[in-house]
Amino acid sequence: MTEDWKDYTQRIEELAGRSGLKFHPVEFEAVPDTFMMEIAVYGLPVRMPHWSFGVRYIYQLIQRHMGNSRLFEVVFPGNPGHAYLAASNGLAENILVTAHVLGHADFSRNNLMFRRCQGQVSEHIVEHAANHARQIQQAIEQYGMQRVEAVLDAALALEQHIDVDQSLRRERYPEYAPEAKALADDEFRKRFASLDPTAASTGLEIKKRAPVPPHPERDLLWFVANYAPEMESWERDIFLAVREESFYFYPVFATQIMNEGWASYWHARLLREADFVPQQAYLDAIKCHSDVVRPVAADQQVALHINPYHLGFSMWEKIVEKEGMDAARNIMEQDDDFGFIRNHLTRELADELGLFRFSARNDGHVKVLEHDLTALHEAVLGPKYNFGAPSVSATHVRTDGTLELTHDNSIDGRGLDLERSRRVLDYVQRVWRRPIVLSTVNQAGSTLELTAP
Amino acid sequence: MPESSDKAGSGANKWYDLFSRGARDWLRHDEKVRESVRKHLPQIISGADVINEGARTVRVPVRMLEHYHFRLRRPEEQQGAGQGKAKPGDVFSDPSKQRGPGEKGAGGQDEGEVQLLLEFKIDDIVDWLWEEMQLPNLKARVGPSEDTDWVREGWDRRGARSRLDRRRSFKEMVKRRGNPGATPTFIDEDLRYRQLARRRQPAVHAVVFFMLDVSGSMSDRDRKLAKTFFFWVVQGLRREYRSLETVFVAHTTEAWEFTEPEFFQVSGTGGTVSSTGFNKVREIIDARYNPGRCNIYLFYASDGDNSVSDSAEARESLSSITGDACFTGYVEVSSGLSRQLATETGRLFAELSSAGCAAGSYALNDFDDVWGAVRHFFSAEAKALEAPG
């Protein structure tokens, strides 16, 4: 690849700055396609080894062979940010991608959810993840592949089960329950006290040990790492490493529509305003842009999924047009996808974009449902609740160390996939080292307990 | 991982091409699949269609491993959001679900399924099985032989390019120039080529006779059972003998010698006179093989219903063979009927075995029994070999 695009990087950065984008410096690097593919698989440039990534890697290879997906760039927020561009990108693609990356950099620096999570994880997730990978490599050398893999099987199976409302470095539960409030000093108590001074105050403070966990705990990675009866410290470290990476992934996941939309809006706009880009490169870049934000594949009439680039892009265009850039920036800073879709995806826009709800049977029979804006919002957001995972929480640890997990089907609407859940229990049981019980509901809606072993 | 620190270096990203994390983790996945296949190997292999002429591998279809997460049960009907030209009430079918069963391979996000076809070398499988089942390695009877083979012997300044010994040539160059630090420059005198020489080697010969009863009472399934068993026996013996000859004999009331592919296809009608088969084997041994120089094995598969009038002759003929053979084995294939060797031929082998001959028998009722049979014979055979005589 020629390095021509680097000549434009600085000019695009200046233009972006003038247009009101505020971002940390970004380090651009061109990498081979194979490496791009790995970033897509691992989510981070250097990440812990695990066979499940190998499976995703093969799927990714197959997809690429079928020409389905091509990655132009991946950007990691931070100060400085890291942007990797595919070495096979042409000049036009790289100009577009540079502008796109700056949109992301602006978003990740200013969006509250990103700021909060980066405040926890620090602005150097790429380096942290590489460090985790090294730690785990050392653990493999020290304890053997089998043992480390067993821990990773469990930790990565629970990777979505974190609580981002808690701190990354979270304290253990207080050991004792908070004392009951002193009783009101009413007439009766005064009189009672005057009868026998020794009886009034018991004198002995009876501290009550708090149950573990004191409330249903959905931060399973943290809970297991802290309360597993016989876990070794290197095993806890692996759990906490996976948890830290999940803290990094959460905002990426929870703001995907906004974030991709924002970056697409800005690459389109910066490109329009960049008069220094040669005509041909501009045309190529615009064509590339329209491929990226295309809602429906070229050979199809309808798509049974929503392209987040297209949806986000269209929404931001509408918002900027109607409410102005300042309002748009406020929304960008304060919302995540839930607020963004619910507040700003209007009936009018949904119609314009041809969004619809459908109901699909297992045999592939699909029926388009009635218009209903609220239901449409929830259909778009459905896969995003709770980091995309069922609501499973730790509810009790019995005296013999048995861990009780409870699936809250009232939130999810139906029970768990029993076979998969059983396998997850097997994974976790190997690090918890005591029995685990999971309750959920079966097809008929009655409670069901899975146990391991 | 040191490469993470290299990354900061601008343009110093050559290492990206050096290795692939994805491939590393994929290999680990592959290894896990192989491990689990290996654990269930006998079940998987015994059903597989192994006997293709010349095929040195067995293909086993396996699914990719799934790393499990908590997931909700698949509902009867799933709601979602889509985009495109569609009105409420429209009904269509999801094109992504209309692939034919043969067109798997399109990787989806979650439900897409990729089938792997793992190829195992038959030699590897046999090695694993021998390890797993702790089958004994047989000692071969060694005879004088005229086998010749090429072996490496010495170096020369001239030779074929492919036999250039780089290490040796480098040494010569260093010797000549005396300064190992300088840029290497070779001249023709430095080059050394490996030479080959002919050597006589004592060879180990073995011949296995496979004798199959193809009378009317043997069903296709019986034949397939016998065939699978025979196949693995050949593999086991090939571990021990570099040149293994096989002879295939089938009999009803007559006996014929067949080539390997024909052998497994033949089916006959009529009664069972096993002495005809034994006589045929005897004939072939006498004509072609010298028992003093050659290890002889006989495996006989039948449903055991030898005609009663043949007993005496069969016994006589068989004993003459066991005298010369390293081992004689009898598998009784009788799917459905488990008579456990209480047949005419079964009794014949039991007699031989109790008389101290190297002979064994095993009832083969199902494909799962194949491994039991292989194990049985190879341990029996080892015992027979250990016994003096």
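Trainee: Which ipTM and pTM does the model score?
Mentor: ipTM is 0.87 and pTM is 0.72.

Trainee: How do I read pLDDT in chain B?
Mentor: pLDDT is the predictor's confidence in each residue, from 0 to 100. Where pLDDT is low, the predicted coordinates should not be read in detail. Chain B averages 74, and 75% of the residues score at least 70. Residues 1–12 of chain B fall below 50, with 10 contacts beyond near neighbours in sequence. Residues 98–112 of chain B are also below 50, with 13 such contacts. A contact means that two C-beta atoms, placed from the backbone, lie within 7 Å.

Trainee: How many helices and strands does chain A have?
Mentor: Helices (H or I, at least four residues) and strands (E, at least two) are DSSP runs, numbered from the N terminus. Chain A has 19 helices and 10 strands. Its C-alpha atoms fill a box of roughly 95 × 60 × 50 Å along the principal axes.

Trainee: How do I read the packing of H12(A) and H14(A)?
Mentor: Two packed helices are described by the angle between their axes and the distance between the axes. Axes are lines fitted to C-alpha atoms, for helices over the stretch in contact; angles run from 0 to 180 degrees between N-to-C directions. Here H12 (256–273) and H14 (308–334) of chain A pack at about 80°, with axes 7 Å apart. That makes H12(A) roughly perpendicular to H14(A), a label for 65 to 115 degrees.

Trainee: Which residues make the contact?
Mentor: Among them are Trp262(A) and Tyr265(A) of H12(A), and Phe313(A) and Trp316(A) of H14(A). By class there are 11 nonpolar, four polar and two charged. Nonpolar covers Ala, Val, Leu, Ile, Met, Phe, Trp, Tyr, Cys and Pro; charged covers Asp, Glu, Lys and Arg; the others, Gly among them, are polar.

Trainee: How many residues does each chain give to the contact between A and B?
Mentor: Chain B gives 49 and chain A gives 69. On the chain B side, helix H2 (21–39), strand E2 (77–84) and strand E3 (91–93) each give two or more residues. That side has 15 nonpolar, 18 polar and 16 charged residues.

Definitions and conventions
Residues are numbered from 1 along each chain as its sequence is written. Chains are lettered from A and ligands numbered from 1 in the order in which they are written. This is a predicted model: local features need pLDDT of at least 70, side-chain atom pairs count only at pLDDT 80 or more; totals for chains, interfaces and linings use all residues. Angles under 35 degrees count as roughly parallel, over 145 as roughly antiparallel, 65 to 115 as roughly perpendicular and the rest as oblique.
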